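Reader: I would like to go through the labels used for this model and ask what each one rests on.

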Amino acid sequence: MKKILAVLLVLVMVFSFVACGGGTEDTELNDDQINNEQNVDENGDQDADADTDTDTDTDADADVKDEQQNDNPKPPVADNDQDVQAPADETVAQILLKDFNSRVSADSTTMSLAEGVIANPIIQFFGGAVPMEVGGYLPGLGEGTITGYKECTSFGPMMGSIAFIGYVFELEDGVDAATFEKSLLDNADPRWQICVTADETVVDTNGNFVFFLMAPAHFDEAPVDEL
């Protein structure tokens, strides 16, 4: 009887150990599953955080790009339908008047000014300067019609029928420049040459010197045989 009880006791203990061992393995398996699930959750959270950070960086880059575009706006696009007007070319008289004004100085004479103007590169003919008699005939202005000057030099083409004649006058002391200019304009005859007519008449005063010119607007408009 005692042997039977001892065998039964041994069997009970064996079954108890087996049951405890199985419970431990299940517990360890459960712990591993929990750890794996935690790792998955942590990785998932990390991936979500990474995606959020990426989105944040993308938004930040977009904001920076927008700010740069606002700081450096694109230049306006020209409207092709809008006409762009180029500045008009200066005429012969305007160019030579600027030349005259640039040459006037305390040492100037009517001859030095006339010679300087007629040597301008725009001149397309063989020209020269000639002193004129005070009170004598002035081509394009008449004879004895202009008074109030003490010296005069004419400049223009030495030969040929070109509608070009210029003068540099030195006024007498006390002569009103505006009155003298008016007398030149009143007596000017742009068609003093029978076959040609000057396009433009210009008069201006610089100091004690008066510039007067009748000329074509542009030399390329003059007949070829006249140049």
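**Labels and their grounds**

Author: Strand 4, residues 149–157, is mostly covered, with seven of its nine residues buried. The model is a predicted one.

Reader: Why is C152 called buried?

Author: Buried means under 20% relative accessible area. C152 has a relative accessible area of 2%, so it is buried.

Reader: Is C195 buried or exposed?

Author: Exposed means over 50% relative accessible area. The value for C195 is 54%, so C195 is exposed.

Reader: How many disulfides does the rule give?

Author: A disulfide is a covalent bond between the sulfur atoms of two cysteines. The rule asks for a pair of cysteine sulfur atoms within 2.5 Å, and by this rule the count is zero.

Reader: What share of the chain is buried?

Author: Of the 227 residues in the chain, 28% are buried. The chain has four helices and seven strands, and from the N terminus on its elements run α-α-α-β-β-β-β-β-α-β-β.

Reader: How do you know that strand 1 and strand 4 pair?

Author: Strands of a sheet pair through backbone hydrogen bonds, either parallel or antiparallel. The criterion is at least two bridges between two strands. Strand 1 (residues 127–132) and strand 4 have six bridges, so they pair, and the sense is antiparallel. M132 stands opposite C152 in strand 4.

Reader: Which strand is joined to strand 4 by six bridges and runs antiparallel to it?

Author: That is strand 5, residues 165–171. Here T153 stands opposite V168 in strand 5.

Reader: What pairs strand 5 with strand 7?

Author: Six bridges, again against a requirement of at least two, so strand 5 and strand 7 (residues 209–215) count as paired, in the antiparallel sense. V168 stands opposite F211 in strand 7, and E170 stands opposite F209 in strand 7.

Reader: What is the order of the strands in the open sheet?

Author: The open sheet has five strands in the order 1-4-5-7-6, with antiparallel pairing.

Reader: Why are strand 1 and strand 6 said to stand at the edges?

Author: Strand 1 and strand 6 (200–206) each have a single partner strand, so one side of each is left without a neighbour in the sheet. Neighbouring strands of this sheet are turned by 15° against each other on average, direction ignored.

Reader: How are strand 6 and strand 7 joined?

Author: Seven bridges join strand 6 to strand 7, and they run antiparallel. The bridge partner of T205 in strand 7 is V210. The two strands form a hairpin with two residues between them, and G207 in the turn has a positive phi of about 65°.

Reader: Why is strand 7 described as largely enclosed?

Author: Seven of the seven residues of strand 7 are buried, so strand 7 is largely enclosed by the rest of the structure. F209, F211, L213 and A215 point one way from the strand, while V210, F212 and M214 point the other way, and all are buried.

Reader: Which residues lie nearest the centre of the largest pocket?

Author: P139, S154, G156, P157 and I165 lie nearest its centre, out of 16 lining residues. The pocket has a volume of about 180 Å³.

Reader: Which strand supplies the largest share of that lining?

Author: Strand 4 does, with four residues. Strand 1 and strand 4 each supply at least two residues of the lining. By class, the lining has eleven nonpolar, five polar and no charged residues.

Key. Residues are numbered from 1 along each chain as its sequence is written. This is a predicted model: local features need pLDDT of at least 70, side-chain atom pairs count only at pLDDT 80 or more; totals for chains, interfaces and linings use all residues. Side-chain values use heavy atoms; hydrogens and water are left out. Buried means under 20% relative accessible area, exposed over 50%, partly exposed in between (1.4 Å probe, protein chains only). On a 1 Å grid over the protein atoms alone, a cavity is a set of points where a 1.4 Å probe fits but cannot get out, and a pocket is an open set with protein on both sides within 12 Å along at least five of seven lines; lining residues have an atom within 4 Å of a point. Grid points are joined across faces, edges and corners, and a volume is the space filled by probe spheres set on the points. Ala, Val, Leu, Ile, Met, Phe, Trp, Tyr, Cys and Pro count as nonpolar, Asp, Glu, Lys and Arg as charged, and the others, Gly among them, as polar. Axes are lines fitted to C-alpha atoms, for helices over the stretch in contact, and angles run from 0 to 180 degrees between N-to-C directions.
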